[in-house]
Amino acid sequence: MTSMVIRIQSPDHGTKRIEAKGSENITSFLERVQSLFLLGDTGWELYKEHNKKNFIKASRAKKLSDYQIKHGDMLFLEFSHKSRPDSSSLPFSSEVSPRQSTETGLASLVPDVQEDEVDRLLREEDGKIYRKRNEQLCRHGPQGKCLHCVPLEPYDQEFLSKCDPPIKFLSFHSYIRKLTGGVDKGKFVNLENLSCKIKPGCKEHPPWPGGICTKCQPSAITLNRQEYRHVDNIMFENPAVADRFLNYWRFSGCQRIGILYGRYEVFKDVPLGIKARVAAIYEPPQITTVNKIELLDSPKEALVMAAAEKMGLRPIGWIFTDLVADDLSKGTVKNFRGNIDSHFLSAEECIMAADFQNKYPNPCSLSPDGHFGSKFVTVVVTGKYLSDNDNQIHFEGYQVSNQCMALVRDDCFVPTKDVPQLGYIKESGNEQYVPDVFYKDKDNYGNEVIHIARPLPVEYLLVTIPAAFASDFHYTFKSNIQSESFPVENRENIGQTQEFSALTSYLERFPPNKFLEAMSDFHLLMFLATSDMLPLKDKMDILFEAVKNHDEAKAMEFMKTEEWATVQEMMFANGPSMSSPSSSNTSGARQPTAQSGGPMWTCAHCTFLNQSIHNSCEMCSLPQT
């Protein structure tokens with residue numbers, strides 16, 4: 001007798017298929033169902049009908065054909081109220097059993113995932129859009145609700161389209177609420193990451209290119225414009241953050257790439273929205289020209305990330321310039337992007353953005369992989385036509401879709417040679433199998449037509465994000481207020497070098513009582529934390545805490561450490577004026593003397609060099625011993 005496929009539906013596991021023969025006895029069949037669903041020995045029953053009729057009882061004498069079970073039939077698995085599936089038998093509960101999300105009803109397949117703080121805050125929020133009583137349409141009292149004033153869901157398209165400006169994309173948490181807004185509460189919804197690779201371990205045929213089957217072959221992909229975005233707004237804390245970055249282009253005329261460091265926060269202007277707040281821009285090693293940038297390996301990347309994390313910052317995006325001066329007297333630049341004859345992002349830039357997003361995934365306990373999508377953003381600095389030929393520098397924010405991330409991660413997407421707005425899906429070869437990728441478009445008659453993505457307009461892969469500056473400036477690093485600042489890293493080609501003499505020259509501008517303000521410079525802190533020449537790495541945590549909390553007492557604690565005293569001695573040897581504001585004209589010898597001719601003494605507590613006329617230390621006020 002030929003084998004048949006029987007479908008079995010479970011309220012906790014969804015629908016699964018099992019192969020069987022009509023001559024198989026019922027007991028053997030039930031044992032395979034138990035193994036397939038990882039069930040216990042008791043507490044579950046199998047029925048032929050959904051309303052618990054035609055109970056299939058274990059029996060070695062009866063066969064499946066006796067119950068008139070045919071190919072393609074659906075059987076229904078039911079559990080008693082006292083006995084649900086044993087959580088210890090589930091595949092994810094060797095240590096912790098899966099939990100049910102209070103926000104969505106989605107099963108948290110990876111409960112140990114450490115999600116971002118902003119995600120935990122938004123999960124606890126109600127998310128409803130509350131409306132006031134409409135005086136013209138509402139006919140009830142002040143405590144009542146009707147169709148015209150009842151709270152709306154955060155994914156209500158009519159409300160979002162009427163906002164000023166209209167909200168074109170759902171926030172990620174609104175999208176999750178939409179998935180779970182039905183009767184089933186998202187019980188059968190999973191946030192699965194797309195894969196374009198052949199599933200490994202298939203034993204039914206030789207490995208590719210020797211063979212492939214439907215079990216291991218990745219499905220064809222139809223590209224859709226993503227309806228949600230992981231970040232809803234990009235905000236620079238103050239103009240100085242971007243201005244210091246743009247100074248490289250102003251001095252050299254070459255383009256530049258930087259890594260945005262900041263934090264993610266709740267964005268109140270979008271229901272359940274997330275905002276990326278930019279506090280600083282780190283410039284990694286790179287080779288720059290007028291129209292090309294080549295990123296180099298960054299040996300200090302891990303140290304920079306660790307130092308930034310101690311100040312509550314993390315990489316949240318990347319920024320690059322595409323600027324060509326138009327009128328130097330007016331400060332205008334030419335416009336190359338965003339119009340009908342050009343592009344928003346080129347295919348190469350989309351691939352770069354997808355590579356960054358794959359490098360910094362978004363932790364998500366609702367995905368089997370422990371991550372889904374990315375919050376890493378892309379900012380383009382370019383010219384934009386506003387009015388009256390006023391081409392000013394403009395900031396545009398983007399992300400690429402999760403589909404683009406998968407295509408780039410699995411090495412399926414490449415740029416075209418001569419058209420920047422078009423990409424190309426690779427064809428399958430002996431080394432790699434590439435699934436078919438399609439996108440939908442409309443022809444001249446308005447009919448929907450499906451095209452294979454060779455080539456592919458990159459607009460199908462983009463998600464736009466507003467980028468702007470805060471109306472109320474905030475300064476995580478106080479040095480951004482100063483006109484003079486410490487040199488930015490990796491700018492040796494324009495004469496800005498981070499070296500010890502630059503540190504000495506920079507600190508000369510600040511009196512001792514402005515020490516915290518002097519240290520509140522992101523680029524200076526990264527120099528101190530990554531420099532092998534300075535003995536400060538073990539004490540930098542004190543300074544990071546002082547800058548993070550704007551704590552003067554912590555700054556003074558760092559100032560009194562032996563490590564900083566050693567740096568002061570090195571600076572005095574390099575430049576005598578660093579010893580004390582009152583001794584700026586002393587010589588640079590190892591045993592300096594005051595201008596009056598008397599010897600100087602070193603404080604035993606803070607190692608500060610004092611003039612002989614003082615009996616107590618000018619820095620720490622402790623007596624001379």
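Start by selecting residues 540-549, helix α12, and 552-559, helix α13; helices here are DSSP runs (H or I, at least four residues), strands are E runs of at least two, and both are numbered from the N terminus. The crossing of α12 and α13 is left-handed, meaning that the near helix is turned anticlockwise from the far one by less than a right angle. For the contact (heavy atoms within 4.5 Å), show M540, I542, L543, E545 and A546 on α12, then K554, A555, E557 and F558 on α13. Sorted by class, that makes six nonpolar, no polar and three charged residues. Nonpolar takes in Ala, Val, Leu, Ile, Met, Phe, Trp, Tyr, Cys and Pro; charged is Asp, Glu, Lys and Arg; the others, Gly among them, are polar.

This is a predicted model: local features need pLDDT of at least 70, side-chain atom pairs count only at pLDDT 80 or more, and totals for chains, interfaces and linings use all residues. Residues are numbered from 1 along each chain as its sequence is written, and side-chain values use heavy atoms, leaving out hydrogens and water.

How are the two helices angled? They pack at about 155°, with axes 8 Å apart; axes are lines fitted to C-alpha atoms, for helices over the stretch in contact, and angles run from 0 to 180 degrees between N-to-C directions. So α12 and α13 are roughly antiparallel (over 145 degrees).

Next, select 413-415 and 456-457: β20 and β24, the edge strands of an open three-stranded sheet ordered β20-β21-β24, with antiparallel pairing (at least two DSSP bridges).

Finally, select 347-359: helix α7 lies across β20 and β21, at about 140° to β20.

Key: Parallel < 35°, antiparallel > 145°, perpendicular 65-115°, else oblique.
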